[in-house]
Amino acid sequence: MSSALDDARTGFSDVWPAMLAAAPFALLFGALAAGKGLSPFEVFLMSALVFAGGAQFAAVELWATPAPVAALIFSTLLINARHVLMGTSLVPKLDGFASWQKWLGLAYMADENWALAEKRARTHSLTPGYWFGMLIPFVACWLMMTTLGAIVGPALGDPRRFGADFAFTAIFIALTAAFWKGRVTAWTVGAAGIASALTYRLAGPPWHVLAGALCGLAAAWLAAGGDAVVATEEAA
Amino acid sequence: MMAFDSLNLLAILGMAVVTYATRVAGLALAGRFDLSPRAQAAFDAIPPAVLIAVIAPSALATGWPETAAAAVTALAATRLPFLAVVVVGVMAVVGLRALT
């Protein structure tokens with residue numbers, strides 16, 4: 001039987017590579033957010049309360065003055081909808097957690113620490129020590145680096161000079177590759193891209209996000225029709 | 001440093017509320033979630049659909065250097081690790097813009 005402290009140490013040693021990998025993106029996020037007029041305090045607050053890389057990058061891409069509040073919230077909801085499935089899979093493994101530990105701990109469930117927790121749960125029982133040992137340094141690093149990026153970002157000048165304005169696009173293309181599941185994803189990406197670009201030209205922002213996302217989902221639904229049986233067999 | 005705008009604050013709080021809801025939904029749903037394979041496929045498609053919908057104007061409706069750099073990035077994404085893909089994409093756009 002290992003102590004909570006041992007579990008926390010194991011959690012930290014599992015999470016630190018993901019933490020280091022996220023640091024440059026955190027800095028970049030802060031700098032780009034500052035470029036859209038967000039203050040370091042607002043960046044800190046968003047990182048502390050939302051803590052979701054993909055949704056935060058998308059929000060800053062959409063951000064304008066005055067803030068398009070409904071579009072920002074809707075885009076965040078769509079991007080984070082995957083948490084519903086992740087949480088549904090993780091919750092049965094949290095038997096050793098007190099109720100408050102579940103409600104607090106799940107607030108910071110992100111792709112990286114969720115994946116590590118699922119991996120850990122295959123061989124050990126998942127303890128609060130492990131979960132929070134992983135979570136606390138990871139969240140602290142994201143908070144520090146995003147806020148630092150917002151403070152030093154403006155001193156670096158026009159982000160276009162380094163192509164930093166394109167970094168969003170490159171990050172999102174790289175993330176899309178991480179979600180790739182073959183033919184269905186190809187149809188999704190094609191439909192979402194074309195519908196979004198057309199809507200952007202014809203109706204303007206922020207409608208392109210909704211139109212693109214819905215067309216992408218419709219394409220996935222249609223493309224999965226013939227594959228449904230195969231997909232079930234693969235999952236089994 | 002501590003400056004904030006009330007509309008920005010409202011947006012951040014709204015984003016926080018919907019995100020927290022997605023994260024704790026599993027507490028209510030665990031054990032009674034049974035999607036059809038087709039609905040599952042549409043659910044799985046949410047992240048790429050949203051990511052691409054967000055960047056499509058920048059990739060497809062800005063100019064040829066951005067569109068070409070997006071193509072280079074997509075190609076890099078098929079064979080390189082995450083950070084390298086981003087570096088390649090950013091270098092491509094800087095280089096291609098210099099040609100215009």
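Trainee: In which loop of chain A is A:Pro66 found?

Mentor: Keep in mind that this is a predicted model. A:Pro66 sits in the loop between H3 and helix H4 (69–80) of chain A. For the peptide bond itself, look at omega: A:Thr65 and A:Pro66 are joined by a cis peptide bond, with omega about 0°.

Trainee: And what about phi of A:Phe51?

Mentor: Phi of A:Phe51 is near 45°, a positive value in a residue other than glycine. A:Phe51 belongs to the loop between H2 and H3 of chain A.

Trainee: Let's turn to aromatics. How many aromatic pairs are there over all chains?

Mentor: Rings count as a pair if their centres lie within 6.5 Å. By that rule there are four aromatic pairs over all chains. Take A:Phe51 and A:Tyr108: their ring centres are 5.4 Å apart and the planes stand at 65°, so this pair is edge-to-face.

Trainee: Which parts of chain A does that pair tie together?

Mentor: A:Phe51 is in the loop between helix H2 (40–49) and helix H3 (53–62), while A:Tyr108 is in the loop between helix H6 (99–105) and helix H7 (111–123), so the pair links parts of chain A that are 57 residues apart in sequence. As for accessibility, A:Phe51 is buried, at a relative accessible area of 5%, whereas A:Tyr108 is partly exposed, at 21%.

Trainee: What geometry do A:Phe51 and A:Phe138 have as an aromatic pair?

Mentor: Edge-to-face: A:Phe51 and A:Phe138 are 5.9 Å apart centre to centre, with 90° between the planes. A:Phe138 lies in helix H8 (residues 128–152) of chain A and A:Phe51 in the loop between H2 and H3, so this pair ties together parts 87 residues apart in sequence. Both A:Phe51 and A:Phe138 are buried.

Trainee: Which residues form an aromatic cluster?

Mentor: A:Phe29, A:Phe57 and A:Trp142 form one.

Trainee: Now the helices of the two chains. At roughly what angle do the axes of H2(A) and H1 of chain B cross?

Mentor: Read the angle between the axes. Here the axes of H2(A) and helix H1 (residues 6–29) of chain B come within 9 Å and cross at roughly 15°. Angles under 35 degrees count as roughly parallel, so H2(A) is roughly parallel to H1(B). The crossing is right-handed.

Trainee: Which residues make the contact?

Mentor: From H2(A), A:Glu42, A:Leu45, A:Met46 and A:Leu49; from H1(B), B:Asn8, B:Leu9, B:Ile12, B:Leu13, B:Met15 and B:Ala16. Sorted by type, the residues of this H2(A)–H1(B) contact are eight nonpolar, one polar and one charged.

Terms used:
Residues numbered from 1 in each chain as written. Chains lettered and ligands numbered in written order. Predicted model: local features only at pLDDT ≥ 70, side-chain atom pairs only at ≥ 80, totals over all residues. Heavy atoms only, no water. Phe/Tyr/Trp six-rings, centres within 6.5 Å; stacked < 30°, edge-to-face > 60°. Helix = DSSP H or I, 4+ residues; strand = E, 2+ residues; numbered from the N terminus. Buried < 20%, exposed > 50% of the residue type's maximum accessible area, 1.4 Å probe, protein only. Axes fitted to C-alpha atoms, helices over the stretch in contact; angles between N-to-C directions. Parallel < 35°, antiparallel > 145°, perpendicular 65-115°, else oblique. Left-handed = near helix turned anticlockwise from the far one by under 90°. Contact = heavy atoms within 4.5 Å. Nonpolar A, V, L, I, M, F, W, Y, C, P; charged D, E, K, R; others polar.
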